[in-house]
Amino acid sequence: GGGGGHELKLNATAILDTALHFAGSIVAKRNNEVARTETFKNYELSFKMKLARDWRPGGGWKSIIHIGDTDQQRLPGLWFHKSSNALHVKQSPGNWGVSSTTGVTFTAGETY
């Protein structure tokens, strides 16, 4: 599902001293490729996300970050859950992998 309605600040850093840093905000929108980078076995990903004032949970999967060359490759992938107020995270090189859905709830207009 679409990723509209929330702003992202992204700072992804891999252990091999390769880094992406984006100064300022990136407004999320469908099919918006922000950057390309190599993927690494070990990495650290951090970002701040400010939800739009009219953001609402549910209504389908809402992509936050997807790193990978295909839809099934999620190195990682982060979404707002399709039917609950939760974050869904998946680390997967293909159709299998590790995933988790958080118990954290989100509020429109807030920064996380």
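Colleague: Which strands form the open sheet, and in what order?
Modeller: Four of them: 4 strands line up as β5-β6-β7-β8 in an open sheet, with antiparallel pairing. Keep in mind that this is a predicted model.

Colleague: Noted. Which strands stand at the edges?
Modeller: β5 and β8. Each has a single partner strand, so one side of each is left without a neighbour in the sheet.

Colleague: And how are neighbouring strands turned against each other?
Modeller: By 15° on average, ignoring direction.

Colleague: Let me zoom out for a second. How many helices and strands does the chain have?
Modeller: There are 0 helices and 8 strands. Along the sequence the pattern reads β-β-β-β-β-β-β-β.

Colleague: What share of the residues is buried?
Modeller: 29% of the 112 residues count as buried. The chain exposes about 7300 Å², and carbon and sulfur atoms supply 49% of that area.

Colleague: How about contacts between residues at least 24 apart?
Modeller: They make up 45% of the contacts between residues at least 6 apart in sequence.

Colleague: Back to the sheet. Is β6 mostly covered or uncovered?
Modeller: Mostly covered, with 7 of its 7 residues buried. That goes for both faces: Arg74, Pro76, Leu78 and Phe80 are buried on one side, and Leu75, Gly77 and Trp79 are buried on the other.

Colleague: How many bridges join β6 to β5, and how many to β7?
Modeller: 4 bridges join β5 to β6, and 5 bridges join β6 to β7, which covers residues 87-92. Both pairs run antiparallel.

Colleague: What do β6 and β7 form together?
Modeller: A hairpin, with 6 residues between the two strands.

Colleague: I noticed a proline in that strand. What kind of peptide bond joins Leu75 and Pro76?
Modeller: A cis one, with omega at about 0°. Pro76 itself sits within strand β6.

Colleague: Okay, new topic. Which residues make up the largest nonpolar core?
Modeller: That core has 9 residues: Met49, Leu51, Trp55, Ile64, Ile65, Leu78, Phe80, Leu87 and Phe106. The elements giving two or more residues to this core are β4 (43-51), β5 (62-66) and β6 (74-80).

Colleague: Where in the chain do Phe80 and Phe106 come from?
Modeller: From distant parts, 26 residues apart: Phe80 lies in strand β6, whereas Phe106 is in the segment after β8 (98-101). Both Phe80 and Phe106 are buried.

Colleague: Which residue does Phe106 form an edge-to-face pair with besides that?
Modeller: Tyr112, at 4.9 Å centre to centre and with 75° between the planes.

Colleague: Why does Phe106 count as buried while Tyr112 counts as partly exposed?
Modeller: Buried means under 20% relative accessible area, and exposed means over 50%. Phe106 has a relative accessibility of 9%, so Phe106 counts as buried. Tyr112 comes out at 33%, and therefore counts as partly exposed.

Colleague: Which residues form the aromatic cluster, then?
Modeller: Trp55, Phe80, Phe106 and Tyr112 form one cluster. Trp55, Phe80 and Phe106 are also among the residues of the largest nonpolar core.

Colleague: Last one, about a glycine. Where is Gly59 found?
Modeller: Gly59 lies in the loop between β4 and β5.

Colleague: Is Gly59 buried or exposed?
Modeller: Exposed, with a relative accessible area of 81%.

Colleague: And what separates the C-alpha atoms of Gly59 and Phe80?
Modeller: 9.7 Å, with the two residues 21 apart along the chain.

Colleague: Great, thanks for the tour!

Note on methods. Residues numbered from 1 in each chain as written. Predicted model: local features only at pLDDT ≥ 70, side-chain atom pairs only at ≥ 80, totals over all residues. Heavy atoms only, no water. Buried < 20%, exposed > 50% of the residue type's maximum accessible area, 1.4 Å probe, protein only. Contact = heavy atoms within 4.5 Å. Areas by Shrake-Rupley, 256 points an atom, 1.4 Å probe, with all protein chains shown as cover. Core = buried A, V, L, I, M, F, W, Y, C linked by side-chain atoms within 4.5 Å. Phe/Tyr/Trp six-rings, centres within 6.5 Å; stacked < 30°, edge-to-face > 60°. Pairing = 2+ DSSP bridges. Axes fitted to C-alpha atoms, helices over the stretch in contact; angles between N-to-C directions.
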